[in-house]
Amino acid sequence: MSSYNNNNVRLNAARRVAVFGGTHGNEMSGVTLVNLWMKNSAEIQRKGVATKPFITNPKAVEKCSRYVDTDLNRAFTAENLSAPSGEDLPYEVQRAQEINKMFGPKGSPDAYDVIFDLHNTTSNMGSTLILESSKDHFNLQMMNYIKKALAPASCLVLLNEHPLLKYSTSRSVAKHPVGLEVGPQPQGVLRSNIFDSMRVIIKHALDFIELFNEGVEFPPCTVEVFRVLERVDYPRDANGNIIAMVHPNLQDCDWEPLNPGDPMFQTFDGKTIHYQGPGTVYPTFINEAAYYEKQQAFVTTKRETLVACAVKKA
Amino acid sequence: MDGQEAVCLPKLSRVAVCGGTHGNELSGVYLVKEMMKSRKEEDNESGSQPVLVLSNPRATKKCLRYTEVDLNRCFSRDALNSPLLDIAPYEVLRSRELDALLGPKGSPYSVDLVCDLHNTTSNMGLCFIAYSDSDWISMHIFKHLKRCMPDIPMRYIHFDLPQDESYSLDSVGKHGFAMEIGPQPHGVVRSNIYTTMKCGVQHMLDWIHLFNSGRVFEGGFVDVFTLVKHLDYPRDCSTLDIIAAIHPQLQDRDFCLLNPGDPLFQTFSGETMPYNGTESLHPFFINECAYYEKGIALSLSRLRRVKIPAVCATSEQHAVIVT
């Protein structure tokens, strides 16, 4: 139950929290952390909140592949969740229905309060928090807390509220979904530094929840976010084959300004293709392995400052 | 006089460049496709052109390392000679096709040189991986690339196996090596890595052309890293799950010297596990994704300087020494 009063948001304590790993079975930081916590959850327990570690896609984890039939992190659509259950449904759709029963139902008052979904990317995104709604003041305050706790180390916030590009994530069954994306890390590989970064983000996130549940008031604050604008595909030939790569000047330059006229792609025979957009954008998810099949070389974003209301336990 | 002898070796009339032996190692996939496309457009009949091969089209289409078994382990004498079962895996069938196309391995009909293109998630720069430390052709090509591409870290890796036991596609030709370039995640093509591979292949073909035209290449030295052993990740005794990751101080430091006592792994509770060997060795394939399932966290090698003689081409079928 939330209520607004003079720009204050009052929410019930966050009692039910989950940490998801293995939503993509080859993104190893989350798989490893969740498996660790399932054996011994002491590290993720806080006073007054039960945090449940959970492997969302065990079959994909077993195969060390992103998914088995279809991308679990796109599967939580209303259509899928309400489809008549049965064994002829794709594995991930069955799984989405099970997860929705355990941690949802999505959109209902019985849903989990917070779900953290752990992901890795081959892109040079560093530590990134993914926000699904600019009006989720609880999440904004948590992200502000995490960013300050990690400073001077960087942790940026990606806001995906785009009506067409927004997708139905596993974490979206919760009232407050939080995506954690840490890179660069190849699929199927576990890098210690990336693993440690993800672990410390979760630590700060759970500290915030504990403080919130104890009644701490978090005063109004501003949070800088990068709002998703559009998806840019690779140049392709008439048969749909990729004909160019991310340009060396753009490769690894996630979050840096891309200006009209800047090099964007390089064809296999060495020609440069320039960015022709109307203004400066901030690209991210540059050269993510899993997005070749989703027709995405990178997404463009614009910088925005969101205002978070004061937030306190009701 | 020592050092003035030139070894004359048969011309390299038939050369193969192979990509996509692992379907998710994309630099080689895109480079071979690009070379095939340029050839079609140029319609160039002049000079001898390399045979271009996409080794594992099914795995390439699905962007997987392999569909059933690792194609690049199918070329040992035993593997190639064993009778084919009705339900042989795709890669086993494909290995026989490739052996027929580029071999038969060990026969006089095999191609003169196979260059097999690979990528690795390890920070290895450009490596030649070969079964011999006395294949003067491969070593001269390496020396040539090192001179032409001085900004690219380049190493020559030697797996000391006799021809019968050599198991990879590059062992099908009379000469051969894998050109392994990293770091690049599987399923991704990085423009700098692709360009390095494109230049490397071009310089190789240039050298071969010069060699076949009669140029004498002076001898010299090549630093060779010979494989000594592999190390697996520490594992839980009962579940066999990995319990530690490559230590952050070792990650990305391929070919640096690993001394006894140096940090090797870091457990998930933050404890450092040191290297317990008695000999300082040079690690490579540190944290290669595809090797988790093969039980390899890193490989260790011994470095030594190998002298290579001057070489030139002969139209004879066999090597000739000329003073």
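How much area do domain 1 of chain B and domain 2 of chain B bury between them, and what percentage of it is on carbon and sulfur atoms?

A: Some conventions come first. This is a predicted model, in which local features need pLDDT of at least 70 and side-chain atom pairs count only at pLDDT 80 or more, while totals for chains, interfaces and linings use all residues. Residues are numbered from 1 along each chain as its sequence is written, chains are lettered from A and ligands numbered from 1 in the order in which they are written, and side-chain values use heavy atoms, with hydrogens and water left out.

Domain 1 of chain B and domain 2 of chain B bury about 1600 Å² between them, and 50% of this area is on carbon and sulfur atoms. Buried area here is the accessible area (1.4 Å probe) that two parts lose on being put together, summed over both. The size of an interface is often given in this way, as the accessible area lost when the parts come together.

The two domains are residues 13-224 for domain 1 and 227-304 for domain 2 of chain B; such bounds come from an automatic or database domain assignment. Their C-alpha centres lie 27 Å apart. Across the boundary, 21 residues of domain 1 of chain B are in contact with 17 residues of domain 2 of chain B, where contact means heavy atoms within 4.5 Å.

Within the range of domain 1 is helix H6 of chain B, which covers residues 191-212. Helices (H or I, at least four residues) and strands (E, at least two) are DSSP runs, numbered from the N terminus. The 22 residues of H6 reach 31 Å from the first C-alpha to the last, close to the 32 Å expected at 1.5 Å a residue; the expected span is 1.5 Å times one less than the number of residues. Just after H6 of chain B, B:Gly214 takes a positive phi of about 110 degrees.

In the range of domain 2, B:Ile246 belongs to strand E9 (residues 244-246) of chain B. B:Ile246 counts as buried because its relative accessibility is 0%; buried means under 20% relative accessible area, exposed over 50%, and partly exposed in between (1.4 Å probe, protein chains only).

The area buried between chain B and chain A is about 2200 Å², of which carbon and sulfur atoms give 55%. B:Tyr30, B:Ser191 and B:Phe268 supply 26% of the area that chain B buries against chain A, more than any other three residues.

For chain A, an unreviewed UniProt entry carries the annotation "domain: AstE/AspA barrel-sandwich hybrid" over residues 222-303. UniProt positions are given in the numbering used here, feature names are shortened, and annotations may be inferred rather than shown by experiment. Over residues 222-303 of chain A, the chain is 0% helix and 38% strand, and the end C-alpha atoms are 13 Å apart.
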